[in-house]
Amino acid sequence: MSAEARPGQGVGARVPRKEDARHLHGRGLFVPDMMLPGQREVAFLRSPLAHARIAAVRKPPGSEGRVFVRGDMPEVLPIVAPSTLPTFKLSEQHHLAYGKVRFVGEPIACCVGRTRAEAEDLAEQVEVDFEELPALVDAHQARLDPSIRVHEEWSDNLYLTLQLDNGFDECSKKADVVVKREIELSRQSMNPMEGKGTLAVWDDRANQLVLHSSSQTPHLLRVGVARFLRLNEEQVRVIAPDVGGGFGYKCIVFPEDLCVAWLALKYRKPFRYVEDRREHLVAGANSRQHHYNLTAYASKEGRLLALDAEVTIDGGAYSNWPFTIGLEPGQATGNLPGPYDFRGYRVKTYCVATNKPGFLPYRGVARTGVCFAMELMIDAIARAVNRDPYEVRLQNLVRPEQMPYDNVARKHYDSGDYPRALRMAREKLDVEKWRERQKRGEPDKRIIGIGFASYCEQSAHGTSVFAAWGLPMTPGYDQAAVRLTAGGGLEVRIGVQSHGQGMETTMAQLAHQVLGIDVARVQVVHGDTGTTPFSTGTYASRSMVMSGGAVVNACRELIPRFVRIGAHLLKAPEADCRFENGAVIAPSGSVSLKDIAEAWYMRPERLPENVDRAGLEASVAFKPKRDTGAFSYASHAVAVAVDPETGQVEILDYVVVEDCGTLVNPMVVEGQAIGGIAQGIGTALYEEQQYDANGQPNASTLADYLIPGPTEIPAIRIFHIESPSPYTEFGMKGMGEGGAIAPPAVIFNAVNDALRPLGVEVRDTPLTPEKLLDAIERAKAVPKREAA
Amino acid sequence: MKPAAFDYMRPRDVGEALKALRGANGEAKPIAGGQSLGPMLNLRLARPKLLVDVSRIDSLKEIKDEGDAWRIGACVTHAQLEDKALPGCELLAHVARRVAYRAVRNRGTVGGSLAHADPAADWPLVLAALDAVVRVAGPAGSREVRADAFMTAAFTTVLADDEIVESVRVPKPGAGARWGYYKFCRKTGEFPEAAAALLLDPERRTARLFAGALDRPPQPLDGVARAVAQEGTASADMIAAALARLAPGLGPAARKLRVTAVQRAILQS
């Protein structure tokens with residue numbers, strides 16, 4: 001791809017991932033691989049109904065000590081995630097259903113066996129008497145009719161309502177054109193390759209409850225488990241071993257975690273729960289479902305002046321700890337304006353409780369939805385003023401000379417050249433070639449379309465941003481601890497967790513950049529609360545900026561200490577010595593880090609009197625100069641072929657021009673982008689959990705819930721721009737989520753471009769062949785007119 | 001999900017398999033590749049007391065050229081056909097190559113696909129179009145059932161609890177025969193949303209066209225097949241009308257997709 005590799009192993013080098021060898025050889029260690037003496041497996045009896053009162057639960061005879069309901073675990077507190085956002089209502093989620101079940105798949109009883117099959121045999125035999133209640137399946141209906149409530153102690157079904165008005169009336173009245181659209185995204189599950197899983201064991205020697213858990217945020221899980229099990233935190237250790245993808249799903253405390261933890265505490269044996277795909281699809285369908293009523297006010301040239309938005313988010317049954325259900329509406333409200341320069345914005349966002357699994361933050365958090373909505377609007381405006389969507393998009397983007405730019409939702413865009421990314425995307429796609437082919441027509445009668453989508457992505461946002469979202473947890477400083485080993489290698493300890501991001505490599509590259517130590521000699525330790533400094537963890541595209549920044553600063557902290565020892569060993573004045581490429585250099589000669597380490601650890605007689613007694617390890621906390629976020633951005637461009645006879649969409653070319661500031665490892669950045677785009681293609685074309693009127697999910701296996709496979713993902717061409725952030729170390733910006741943001745927008749815009757002559761404009765995900773065929777057949781039935 | 005407990009036995013020959021099935025009073029299931037039954041066991045949708053594993057019975061794995069026909073043993077895998085176990089039969093290799101994914105094809109069998117009787121599966125449709133005959137082994141010996149009559153409803157066949165598929169006889173198309181097979185899948189390897197198979201064999205004076213992936217067994221579109229044989233084509237309206245008769249209740253998009261599948265099978269031939 002296009003970024004020129006910088007030589008060496010430091011920032012910008014295409015260093016192959018250190019993680020790959022174990023994963024490619026099948027030698028990774030995941031929770032389901034683990035087997036401890038006396039280990040028991042746990043399965044859950046889950047609710048077959050979406051909304052019902054539990055009248056009675058009968059355990060099978062002879063199942064004492066093997067089947068547990070909520071009342072058997074009185075020590076466990078319900079999961080409550082408060083938020084300070086105005087109007088926010090609390091939900092109480094018990095680790096096992098209490099009084100009522102609120103979604104299909106909610107755990108009711110926890111069953112223990114020597115094998116998973118045995119535990120499932122037990123779960124089948126538990127009998128539950130339900131009094132079925134009407135299920136709240138449609139968020140609009142649930143919002144408007146409070147007679148049936150998910151949480152009966154509430155007055156309605158609203159978790160919260162957010163409102164913002166900034167200059168709307170003044171700007172909207174200048175408009176020549178008003179464009180209205182209704183836009184919608186389906187409900188999805190996140191489908192990491194490995195589902196969630198936790199193996200809990202009591203360690204008598206350490207006097208600790210140890211959770212081996214597939215977690216993105218081991219330190220937060222520790223806080224949460226201690227809190228909800230009423231333990232002291234020092235009694236809990238969380239180890240996240242290899243984790244097979246997270247995407248946000250593994251950032252929270254799950255009821256299942258609390259159950260296995262309680263069992264391990266009570267019986268002092270290892271207990272494990274591993275989620276299977278069916279459980280994931282049924283009980284974990286919890287993201288993306290947004291609905292938008294948008295009205296755009298624009299000039300006759302298509303210059304966006306104001307936007308009026310009503311956003312409805314189907315929040316499901318429970319708010320999660322610690323991110324809360326408030327995160328999604330908060331992000332949707334604040335990020336809807338996207339990379340555009342306009343000054344009038346009025347938004348009302350409803351987050352509604354329904355009888356579905358609770359909404360969780362999924363890669364892209366709300367931004368996939370807002371980008372989809374905003375980018376479809378930009379194209380709709382272009383159609384209304386009869387201009388090329390590319391031109392309209394270009395003229396509305398924030399310009400580089402406006403940076404840093406405070407937008408209409410008070411987001412602070414730190415740096416970048418948004419129009420350049422779009423111009424480059426157009427050039428790389430070769431629009432003229434596709435337009436010609438579109439005009440010529442395909443021999444197989446398919447229809448060509450091209451589309452664009454632009455977004456900017458708040459990454460590595462810190463204290464001020466999270467505090468405004470009112471979560472029970474606000475990230476602040478991230479710490480890293482580094483230690484020069486006796487042999488001259490380096491240990492780096494970070495509190496985040498790497499589960500596909502390649503941080504064992506990229507963090508080592510940062511250390512190499514500062515200290516010159518060979519990447520192979522830098523051991524990155526992560527994912528274990530027992531051995532790493534506190535961090536809130538890996539989410540919100542924050543790890544490189546935050547934890548990476550801390551690694552850089554911790555490494556720098558050691559340099560004066562090296563120089564002092566080195567100068568002494570070289571018998572040179574400190575002032576004449578400098579540190580360079582892993583050695584202390586004086587005019588008379590140099591000593592290596594190995595020599596310095598040898599002196600500190602093994603030959604203290606060689607040390608100077610005034611040696612820094614902090615030694616050769618340092619723990620340093622870091623946050624960026626400004627914590628409102630380093631904004632990455634990108635423009636995606638695609639060419640598609642639409643088969644009007646089958647409704648099939650094929651992506652013929654997919655171009656990304658992205659800017660995540662200074663690239664640490666272009667290969668890792670590209671891998672992250674490709675993975676995210678694959679998920680975004682899933683959102684656009686395949687993924688959907690549908691519910692029937694009773695709240696029953698229609699998909700319970702991957703035969704029904706389609707996710708794209710290798711043959712559905714085109715070759716993706718990625719090009720880089722590097723605009724360093726003024727606020728972060730080396731100018732790095734987070735980019736882990738961006739790939740998943742733009743694909744639905746860019747694919748729909750391309751399909752709508754293709755189908756414009758037929759009068760078809762599609763606006764709800766996923767774009768299934770059946771939906772597309774229906775739209776085409778419907779359009780044939782009405783007289784043709786230009787959609788506006 | 002893990003299966004409920006079951007017993008397992010691996011008979012050496014067909015006789016032993018039939019005896020085991022008979023002895024289980026309808027609570028046994030034969031298993032070959034397990035590519036459909038396996039997931040159903042895991043989901044506990046199928047709960048047999050006994051699994052009779054027929055996959056190691058040599059006589060069920062034979063492929064023979066019988067002159068005017070091929071005989072394919074029930075336990076021949078899709079992958080074997082994909083890899084041209086039958087030289088000269090491009091059609092079967094073409095179909096086999098498109099069954100699910102290679103991992104499924106490595107284990108899944110032709111007989112298993114027929115016996116499982118998923119209306120969206122490849123073999124029930126293609127073998128019906130090819131006028132194949134299924135040989136069924138049972139307590140009273142073997143009987144033969146035409147492939148287009150083998151599936152009686154979705155996931156239901158003429159097989160009794162104590163019978164298994166033994167082999168399939170596929171007549172060799174004559175010189176100058178043409179065929180088409182089109183299926184529309186949302187993604188590679190998934191079951192199709194619509195499918196159609198066509199055989200035009202002037203030498204044997206046969207024109208057979210079937211639509212698959214319906215909520216019922218593959219349906220013959222005889223009138224359309226005749227029109228194609230005589231005029232080389234058939235109108236979309238004619239196909240739609242035939243489908244509306246054979247598979248009523250399809251919505252506009254679903255019908256459109258199935259018409260397209262039939263048209264494209266015809267185009268291929």
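What follows is a short talk about chain B and a few places in chain A.

Mentor: A word on conventions: this is a predicted model, in which local features need pLDDT of at least 70, side-chain atom pairs count only at pLDDT 80 or more, and totals for chains, interfaces and linings use all residues. Residues are numbered from 1 along each chain as its sequence is written, chains are lettered from A and ligands numbered from 1 in the order in which they are written, and side-chain values use heavy atoms, leaving out hydrogens and water.

Trainee: What radius of gyration does chain B have?
Mentor: The radius is taken over C-alpha atoms, and the globule rule is 2.2 Å times the number of residues to the power 0.38. With 269 residues, a compact globule would come out near 18 Å, and chain B agrees with that, at 18 Å.

Trainee: What share of the residues of chain B count as buried?
Mentor: Buried means under 20% relative accessible area, exposed over 50%, and partly exposed in between (1.4 Å probe, protein chains only). Of the 269 residues in chain B, the buried share is 54%.

Trainee: Where do the buried residues of H9(B) fall, seen down the helix axis?
Mentor: Helices (H or I, at least four residues) and strands (E, at least two) are DSSP runs, numbered from the N terminus. In helix H9 (residues 222-231) of chain B, B:Val224, B:Ala225, B:Ala227 and B:Val228 are buried. Taking directions from the helix axis to the C-beta atoms, these buried residues fall within an arc of 160°, so they line one face of the helix.

Trainee: Which elements of chain B are included in what covers them, the buried residues of H9(B)?
Mentor: Contact here means heavy atoms within 4.5 Å. The cover includes strands S12 (194-201) and S13 (206-212), together with helices H10 (236-246) and H11 (252-268) of chain B.

Trainee: Is A:Ala81 buried or exposed?
Mentor: A:Ala81 sits in the loop between strands S4 (79-80) and S5 (92-93) of chain A. Leaving aside residues up to four places away in sequence, A:Ala81 touches several residues, among them A:Phe88, A:Leu90 and A:Trp321. Its relative accessibility is 1%, so A:Ala81 counts as buried.

Trainee: What is the omega of the peptide bond from A:Trp321 to A:Pro322?
Mentor: A:Pro322 is placed in the loop between strand S18 (304-316) and helix H8 (327-335) of chain A. The bond from A:Trp321 to A:Pro322 is cis, with omega near 5°.
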